[in-house]
Amino acid sequence: MMDVSVIGCGNMGGALITGLSDAGGYRITAYDVDPDAFESIEAYADRTTTDLDDVRDSEVVVLAVKPDIVPLVLEDLDLRAEQTLVTIAAGVSTDVVASETDATVVRVMPNLAARTRNMAAAVAWEAPDENVERMLGDLGEFVVIDENLMDVATALNGSGPAFVFYLVGAMQKRAVEEGLDAEKARVLAAQTFKGAAETILRSEESIEDLIDAVCSPGGTTIEGMDVLWDSDVEQEVGDALSAARRRSAELAEEAEK
Ligand SMILES: NC(=O)C1=CN([C@@H]2O[C@H](COP(=O)(O)OP(=O)(O)OC[C@H]3O[C@@H](n4cnc5c(N)ncnc54)[C@H](O)[C@@H]3O)[C@@H](O)[C@H]2O)C=CC1
Ligand SMILES: O=C(O)[C@@H]1CCC=N1
């Protein structure tokens, strides 16, 4: 059993708690200043608390509050050197957090799919932390990156689910306009993204070759792909990612002040 505390039980903290509970092998303490936050995670946490003292003995403490709240929590959070403090706040560097705690700080950019244990996470650390490795492995896929690339990861896998929801929504919407029932279109669109993503993860083929495999000569897909290739969609999707990356860098500047 690993003792894990999560500080902040909102969207991301709640997703981590739910996923870790599903994985099993974790004793989870959920801390928040707002007891209403416990409503959606009560079934998954071993303990909910509004007393910060209750998180002080966990092997791993996850800081899942908004970036501007991080300094306020760190002021009151007294951890020891043998503990690990995982920070997931966009734009808040390891150095900013490490200057306020004795614990070993590991910076992770997770995403909402922690809830279903399909998370894509990027981690930056001085040395691999076995407990964090186990948690990230239990919650999905993770890659180790240099911290100076954390703003890109924040845009790609942190914000990325929203971009994918948007694309699923666009496909669903047009399918409904073309006559399909909304609920059935939702299932087909979402499962298509899931299946395509799984195909990429299990294949060594390039994205271009995978596209080619769907395009039967003279068939339907090539007609749709021609519309996409002739459009600005690739540019616009890239611009969305860059805008999120820039905002992460801005948040980092604000956190350093
Ligand atoms: N939402 C997402 O998909 C992702 C969020 N993140 C990061 O996770 C962090 C949390 O984001 P969300 O969950 O979206 O925010 P949220 O607003 O949904 O949740 C924040 C929670 O923190 C609680 N809180 C506020 N002040 C507190 C305090 N002093 N002590 C303890 N808890 C306090 C709030 O009551 C709320 O339950 C942010 O730093 C964000 O950058 C990272 C990756 C993805
Ligand atoms: O939008 C945000 O700032 C957070 C960080 C990445 C995803 N959600």
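Reader: Where does Lys 66 lie?
Author: The model is a predicted one. In this model, Lys 66 is placed in the loop between β4 and α2.

Reader: Is Lys 66 buried, exposed or partly exposed?
Author: A residue with 20 or more other C-beta atoms within 10 Å is buried, and one with 12 or fewer is exposed. Lys 66 has 14 other C-beta atoms within 10 Å, so Lys 66 is partly exposed.

Reader: And Ala 64, buried or exposed?
Author: Ala 64 is found in the loop between β4 (60–63) and α2. Beyond its neighbours within four places in sequence, Ala 64 has contacts that include Val 6, Leu 16 and Ile 88. Because there are 28 C-beta neighbours inside 10 Å, Ala 64 counts as buried.

Reader: Why do the residues of the UniProt "binding site" annotation gather at one spot?
Author: The annotation, from an unreviewed UniProt entry, covers Ile 7, Gly 8, Cys 9, Gly 10, Asn 11, Met 12, Ala 64, Val 65, Lys 66 and Pro 67. They span 61 residues in sequence, yet they gather at one spot because no two of their C-alpha atoms are more than 14.2 Å apart.

Reader: Which element gives the most to the shell around ligand 1?
Author: Ligand 1 is surrounded by 27 residues, the closest being Gly 8, Gly 10, Met 12, Ala 89 and Ala 90. Two or more residues of this shell come from each of α1 (11–23) and α2 (70–76). With 3 residues, the element that gives the most is α1.

Reader: How many residues of the shell around ligand 1 are nonpolar?
Author: The shell around ligand 1 has 3 charged and 6 polar residues. Its nonpolar residues number 18.

Conventions: Residues numbered from 1 in each chain as written. Chains lettered and ligands numbered in written order. Predicted model: local features only at pLDDT ≥ 70, side-chain atom pairs only at ≥ 80, totals over all residues. Near = placed C-beta within 6 Å. Helix = DSSP H or I, 4+ residues; strand = E, 2+ residues; numbered from the N terminus. Nonpolar A, V, L, I, M, F, W, Y, C, P; charged D, E, K, R; others polar. UniProt positions renumbered as here; feature names shortened; annotations may be inferred. Contact = placed C-beta atoms within 7 Å.
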